[in-house]
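Good morning, and thank you for making time for this presentation. Please keep the sequence and the structure in view while I speak.

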Amino acid sequence: MSFRNTLRAMPTLLKVGFAEAVAYRAEMFIWVLSTTMPLVNMVLWMAVARDAPVGRFGQEDFVGYFLATFAVRQLTSSWAAWLINWEVRQGTLSMRLLRPISPLWAYAAENVAGFPMRLIVAVPVMVLSVVLVGSRAVPQHAWQWAFFVVAVLGGWAISFLANVAIGALSFFWGSSQKVMEVWLVLYFVCSGYMYPVELLPPALRTLIDWLPFRYQIGLPVEVMTGAHGWREVLWLLGAQWAWVAVMGTLAVFVWKQGVRRFAAFGG
Amino acid sequence: MVRRYLRLLGIQLKASGLLAVQYRADFFTEGLTSLFWTFTALAPLFVVYGERPVVEGWSFGEALLVVGWFTLLQGILEGAINPSLTGVVEHIRKGTLDFVLLKPADAQFLVSTQRFLPWRAFNVLTGLGLFVYAFSRLGRWPSVPGLLSSVLLLGTSTLLLYSLWILTVSAAFYVVRVDNLTYLFTSIFDFARWPSSVFKGVAKGALTLVFTYVIPLALMTTFPAEAMLGRLPLHALAGAVVGAVVFAWLARRVWLHSIGHYTSASS
């Protein structure tokens, strides 16, 4: 299971993943349509800001914010926890374990390979946002775009690694879907998915700055809409990648402990 | 005729009930997750009403009633409607709907009652709890006629929800791969979280029209909440009842039409 083997297998894994994403495009489309939560909240906040702006947010800023949230959610989401739960229960994980490459890389490749298809959804949404809000809906400078890419990658990494860590709990408990639901609720409430986190009271904001959730969605969206100067962004990106490191360690640890307990059924 | 169907319903309920009793612990896990999910509905409300005392003519306590109705209907949806109808999609995909069609009872009745998940209905309790909390915030209690009409509207809301589901499932006869139609449906239902007047400002009120007449979400949560507050005009109440009956009749016609298109999956 050397690193070189993994690297050699990557292009093929990505190709397979991409082919799968293309084959199940209709399902993905429905899946995309079903993430309407940012739009639901956008409408609510627009009504709130109709007469006077909320904080620094006018109606248009909310449109920009929530359309960016919609796009970022498409790019940073992961569903590895459900997949792992399913494969552990069905025993099909044994097939993956036989291959000379860690299943974690395979899950990651599958996720990453879906990116191009997801961009097809995310890009038009951002174009729409520019049409509705004007050019301030997207970054004005090249460095902001660069930071945005880093922030999206970091956001995706946190989602994916958290998914693996929670999914691997199914080795111990049989099913960890409820844990994933709890995580999802915290993620919805704390990530800036339903409202910009800066509208929260200061005490809560400090707490949220220390939690991983806002780095999954809030940070990329804020970079996209140009909410911070570069010094601040750099600081936040540091915090984000610190969380990536923590989650990575946790995911690998839980997975390694758990996979020893795995016993496949059937024949 | 009616007695026969009531007896059938009793049998189906008993079967589901027995299954549910086997998984008693689910009562607690479902309850906990239900409370947790309610948090996602409440969090934006707290943030919004932290900024404004009144949004589009709805105070915090009043908007809480709408969330309460949303939660209650979600309980009905997940406990009584979703489980059966996801079963239908499975039947259509595998071609096992044959066995249902062969039975000497109405097919729509049989598929709609095939499975109930009582523990999932925990949301109904959460919704009732929200009502009590909302009215204690408002500092008054609903009038008797208001309460009676809201109970009547509970019936129409359930009927509407069920008819919408039948329409969605009818689509499964034409497009077979619709596993995640459930998610699509619940995410459209998400728009019923807020009082429908919130949508007034979007697209010159077109969205309000859509959610009142095309996808009658406003009828499901906003109307009952207004009835509880005693401010739903009588003609709206009558309109809701007539509308729900017409909608159900329409759904029935569509179901009968699409079942004519069913072709078994086997050779």
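This is a predicted model: local features need pLDDT of at least 70, side-chain atom pairs count only at pLDDT 80 or more; totals for chains, interfaces and linings use all residues.

Let us begin with B:Ile76, which, apart from its neighbours within four places in sequence, is in contact (heavy atoms within 4.5 Å) with B:Ile81, B:Val124, B:Leu154 and B:Thr158. B:Ile76 belongs to helix H3 of chain B, residues 60-94; helices here are DSSP runs of H or I with at least four residues, strands are runs of E with at least two, and both are numbered from the N terminus. The relative accessible area of B:Ile76 is 19%, so B:Ile76 is buried; the term buried means under 20%, exposed means over 50%, and partly exposed lies in between, with a 1.4 Å probe and protein chains only. Between B:Ile76 and B:Arg93, 17 residues apart along the chain, the C-alpha atoms are separated by 25 Å.

Residues are numbered from 1 along each chain as its sequence is written, chains are lettered from A and ligands numbered from 1 in the order in which they are written, and side-chain values use heavy atoms, with hydrogens and water left out.

Next, B:Asn123. This residue is found in helix H6 of chain B, residues 122-138. Is B:Asn123 buried or exposed? B:Asn123 is buried, at a relative accessible area of 6%. The side chains of B:Asn123 and B:Ser34 are joined by a polar contact of 2.7 Å. By polar contact I mean a pair of N or O atoms within 3.5 Å; within protein, one must be able to donate a hydrogen and the other to accept it, and residues adjacent in sequence count only if both atoms are side-chain atoms. Beyond four places in sequence, the residues in contact with B:Asn123 include B:Thr38, B:Thr71 and B:Glu78.

Now to chain B as a whole. Chain B has eleven helices and two strands, and along the sequence they follow the pattern α-α-β-β-α-α-α-α-α-α-α-α-α. The C-alpha trace spans about 65 × 45 × 35 Å along its principal axes. Of the 267 residues in chain B, 52% are buried. Among contacts in chain B with a separation of 6 or more, 83% join residues 24 or more positions apart.

How do chain B and chain A meet? The contact takes 29 residues from chain B and 34 residues from chain A. About 3000 Å² is buried between the two chains, and carbon and sulfur atoms give 74% of that area; buried area is the accessible area (1.4 Å probe) that two parts lose on being put together, summed over both.

How many salt bridges does the rule find across the interface of chain B and chain A? The rule finds one, a salt bridge being a side-chain nitrogen of Lys or Arg within 4 Å of a carboxyl oxygen of Asp or Glu. That salt bridge joins the side chains of A:Arg50 and B:Glu56, at 3.0 Å from N to O. Helix H2 (26-51) and helix H8 (181-189) of chain B each supply at least two residues of the side of chain B that touches chain A. H2(B) gives the most to that side, with eleven residues.

B:Glu56 lies in the loop between strand S1 (54-55) and strand S2 (58-59) of chain B. Although B:Glu56 is not a glycine, its phi is positive, at about 50°. With a relative accessible area of 17%, B:Glu56 is buried.

B:Arg193 also reaches both chains: leaving aside neighbours within four places in sequence, its contacts include A:Met37, A:Val40, B:Thr40 and B:Phe70. B:Arg193 is in the loop between H8 and helix H9 (206-214) of chain B, and is buried, at a relative accessible area of 5%.

I close with salt bridges inside the chains. Over all chains, the structure holds twelve. In one of them, the closest N and O atoms of B:Arg231 and B:Glu62 are 3.6 Å apart. This pair links distant parts of the chain, 169 residues apart. B:Arg231 is partly exposed at 35% relative accessible area, whereas B:Glu62 is buried at 12%. In chain A, the side chains of A:Glu222 and A:Arg214 meet at 2.5 Å, N to O, and both residues are buried.
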